[in-house]
Amino acid sequence: MANVLRNSAKFGFSGVLSQLSIHSRHGRECVSPCFSLQQRNNSTSPKIKVDLDSSTGVAVLRMQSPPVNSLSLDFLTEFCINLEKLEMDRSCRGLIITSTLSKVFSAGLDIMEMYGKSPERCGEFWKAVQEMWLKLYGSNMATIAAINGSSPAGGCLMSIGCDYRIMVDNPRYSIGLNETQLGIVAPFWFKDTLVNTVGNRAAELSLELGLLYSAPDALKIGLVDQLVPEDQVLSTAQDTMSKWLAIPDHARQIDQCVYIIYNTSPLPLDHARQMDQCVISVCIYYI
Ligand SMILES: CC/C=C\CC(=O)SCCNC(=O)CCNC(=O)[C@H](O)C(C)(C)COP(=O)(O)OP(=O)(O)OC[C@H]1O[C@@H](n2cnc3c(N)ncnc32)[C@H](O)[C@@H]1OP(=O)(O)O
């Protein structure tokens with residue numbers, strides 16, 4: 001696995017980063033897509049299932065892409081389309097994200113997307129990764145990750161892109177931004193999101209050592225907010241969501257918006273994109 005990742009970084013990321021062109025706003029506003037969501041969704045069977053309960057205003061998004069819910073371009077495209085539909089639906093106020101797979105929430109970016117692909121394809125893939133984060137972190141909905149399995153790297157990013165994290169209390173499940181262990185570097189906006197979640201020092205240690213935390217250790221550093229038995233993860237997420245939805249939407253959204261504006265680097269700006277490019281290029285150089 002590590003070898004494939006090393007090779008994928010060599011062949012893929014330089015192409016990926018030269019292709020970056022994202023112009024989205026940050027903050028808790030619905031972000032308009034900068035790539036055509038409709039263009040690419042080639043899968044025959046849906047990788048994502050969404051159930052919206054119109055009586056509660058809460059949608060449950062289930063990732064169902066075996067074996068490990070890896071974030072391929074098709075997966076990310078489908079994810080973003082679903083998020084966008086829910087965002088536009090005024091009856092939907094809350095979103096719970098979980099997995100139908102046993103033991104895995106998401107294995108993170110699909111390593112096959114980073115290996116031996118054309119620069120164009122890599123660029124499209126990287127934009128989709130950015131879009132996923134922008135849409136989730138910038139969502140107007142209250143978002144809860146019901147983490148019912150391991151969630152490394154991009155899977156962790158997806159989790160910390162949510163407002164609240166509930167993880168199954170199982171020490172065999174791990175979560176964290178383990179990129180450096182794979183010889184790659186988490187982009188600065190992964191770092192920002194982690195700092196916003198666990199604070200500066202914990203994020204620094206976590207990123208430099210590429211730490212994967214067991215569920216109990218993740219709770220200790222605040223990477224997740226709550227641990228629950230496996231069979232209670234969804235019901236706890238539903239109960240927690242009702243507390244979040246008791247807060248008037250506008251107040252919660254403005255509060256989140258202010259927090260993000262003051263605590264997150266501006267990915268949409270040119271200089272920030274160049275920094276993204278720089279960090280990954282240095283990383284590739286040293287592989
Ligand atoms: C600049 C930012 C860059 C990167 C951010 C990233 O997200 S890079 C991706 C990093 N991801 C990882 O390091 C996770 C690697 N995977 C795992 O640790 C385990 O697979 C996991 C998720 C804990 C599940 O373990 P389990 O024992 O249940 O499954 P197994 O390892 O046997 O894997 C089953 C098959 O899935 C394939 N696979 C695993 N991860 C990925 C992935 N990220 N992308 C694509 N495919 C993945 C694995 O190769 C197995 O395939 P098989 O054909 O059955 O051998």
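A word on the model before we start: it is predicted, so local features need pLDDT of at least 70 and side-chain atom pairs count only at pLDDT 80 or more, while totals for chains, interfaces and linings use all residues. Residues are numbered from 1 along each chain as its sequence is written, and side-chain values use heavy atoms, with hydrogens and water left out.

Let's begin with the ligand. How many residues surround the ligand? There are 24, and the closest are Ala107, Leu109, Ile111, Ala153 and Gly154; to be counted, a residue needs a heavy atom within 4 Å. By class, this shell has 17 nonpolar, five polar and two charged residues. Here Ala, Val, Leu, Ile, Met, Phe, Trp, Tyr, Cys and Pro count as nonpolar, Asp, Glu, Lys and Arg as charged, and the others, Gly among them, as polar.

Now look at some atom pairs. A backbone N or O atom of Ala107 sits 2.9 Å from a ligand nitrogen. A polar backbone atom of Leu109 is 2.8 Å from a ligand oxygen. Asn178 uses its side chain: a polar atom there lies 3.3 Å from an oxygen of the ligand. Taken alone, the ligand exposes 1000 Å², and the protein buries 65% of that (Shrake-Rupley areas, 1.4 Å probe).

Next, the helices, which are DSSP runs of H or I with at least four residues. Helix H3 (residues 119-137) and helix H5 (residues 188-198) pack at about 25°, with axes 12 Å apart. Angles run from 0 to 180 degrees between N-to-C directions, and axes are lines fitted to C-alpha atoms over the stretch in contact. H3 and H5 are therefore roughly parallel, as angles under 35 degrees count as such. What about H5 and helix H6 (residues 200-209)? Their angle is about 135°, and their axes are 7 Å apart.

Finally, the backbone. Most residues other than glycine have a negative phi, and most peptide bonds are trans. Yet Pro66 and Pro67 are joined by a cis peptide bond, with omega about 5°. Lys103, not a glycine, has a positive phi of about 80°.

Terms used
A polar contact is a pair of N or O atoms within 3.5 Å; within protein, one must be able to donate a hydrogen and the other to accept it, and residues adjacent in sequence count only if both atoms are side-chain atoms. Helices (H or I, at least four residues) and strands (E, at least two) are DSSP runs, numbered from the N terminus. Angles under 35 degrees count as roughly parallel, over 145 as roughly antiparallel, 65 to 115 as roughly perpendicular and the rest as oblique.
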